Structures are given as C-alpha cells and as structure tokens.
Amino acid sequence: MTKYSQEETATLNAIEAGEYTSVANLKEELAIAKLAAKNTTAKTKNINIRVTEADVSKLKARSIEAGIPYQTIVSALIHNYTTGKLKLSI
C-alpha cells in the first residue's frame, strides 16, 4: 500500500470531490508544460562563435517575425543538424 503525504492526500481528495476542472485548451497547455519540463531538465552549455554582423542582424529580424528569440533559433538549428534532421548544402 502506497502512503501519500498530507499534501498528496489533500490533492487526491480535492480531485475526487470535483474541485478541479480541465482547461479548455488542454492539448496546448500540455504541450507548454512538456516543453517547460524538457527545457528545465536539459543541460546546456554556452559557446562563443564569430558571426558576421549582417547575419546576426538578419537572424534577429527573422526571429522577431517568427516571435522566437534568436538564440532559440540558433540552438534549434544546431540540434537539428546534430540529430540529422538538417543537412547542409554548401
């Protein structure tokens, strides 16, 4: 038999009593929570790279259009390349 803490027991009782209701946009909220959990558990490492000012300016402009921080775009590009989802064509 599993023993719950007082807080866990109170939460279970509240759920069973119908004190909590589901949000209307459950799938969206779950996606946000999963992303937050993933970002919290992922270890990151800072790197320094040299990039032309023109490329940084264009990157920042496109990131504003997309509504995503430019650092996130750079990180996603690196991740997609290292996992084989992105191929370079030079």
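Leucine 88 counts as exposed because its relative accessibility is 59%, above the 50% cut-off for that class. The model that shows this residue is predicted. Leucine 88 lies in the segment after α4, the helix of residues 70-82, and Leu88 belongs to a nonpolar patch on the surface.

**Nonpolar surface patch**
- The patch is formed by Leu77, Tyr81, Leu86, Leu88 and Ile90.
- Together, these five residues have about 590 Å² of accessible area.

**Fold and dimensions**
- Read from the N terminus, the order of elements in the protein chain is α-α-α-α.
- The radius of gyration of the protein chain is 21 Å, whereas a compact globule of 90 residues would have a value near 12 Å.
- The C-alpha trace spans about 60 × 30 × 20 Å along the principal axes of the protein chain.

**Surface and burial**
- Of the 90 residues in the protein chain, 2% are buried, a class that requires under 20% relative accessible area.
- The protein chain has an accessible surface of about 8900 Å².
- Carbon and sulfur atoms account for 57% of that accessible surface.

- The protein chain holds 12 positive and 9 negative charges.
- The mean position of the positive charges is 15 Å from the mean position of the negative charges.

- Alanine 33 is located in helix α2, which covers residues 26-41.
- Alanine 33 has 43% relative accessibility and therefore counts as partly exposed, since this class lies between the 20% and 50% cut-offs.
- Between the C-alpha atoms of alanine 33 and threonine 72 the separation is 17 Å, and these residues are 39 positions apart along the chain.
- Leucine 35 is also placed in helix α2.
- Because its relative accessibility is 49%, leucine 35 counts as partly exposed.
- From leucine 35 to serine 89 the C-alpha distance is 30 Å, with a sequence separation of 54 residues.

Technical notes
Residues are numbered from 1 along each chain as its sequence is written. This is a predicted model: local features need pLDDT of at least 70, side-chain atom pairs count only at pLDDT 80 or more; totals for chains, interfaces and linings use all residues. Side-chain values use heavy atoms; hydrogens and water are left out. Patches are made of residues with over 30% relative accessible area and no salt bridge: like charges are joined within 9 Å, nonpolar side chains (Val, Leu, Ile, Met, Phe, Trp, Tyr) within 5 Å. Accessible areas come from the Shrake-Rupley method with a 1.4 Å probe; for residues, only the protein chains shown count as cover. A salt bridge is a side-chain nitrogen of Lys or Arg within 4 Å of a carboxyl oxygen of Asp or Glu. Helices (H or I, at least four residues) and strands (E, at least two) are DSSP runs, numbered from the N terminus. Buried means under 20% relative accessible area, exposed over 50%, partly exposed in between (1.4 Å probe, protein chains only). The radius of gyration is taken over C-alpha atoms; the globule rule is 2.2 Å times the number of residues to the power 0.38. Lys and Arg count as positive and Asp and Glu as negative; His and the chain ends are not counted. The place of a charge is taken as NZ of Lys, CZ of Arg, CG of Asp or CD of Glu.
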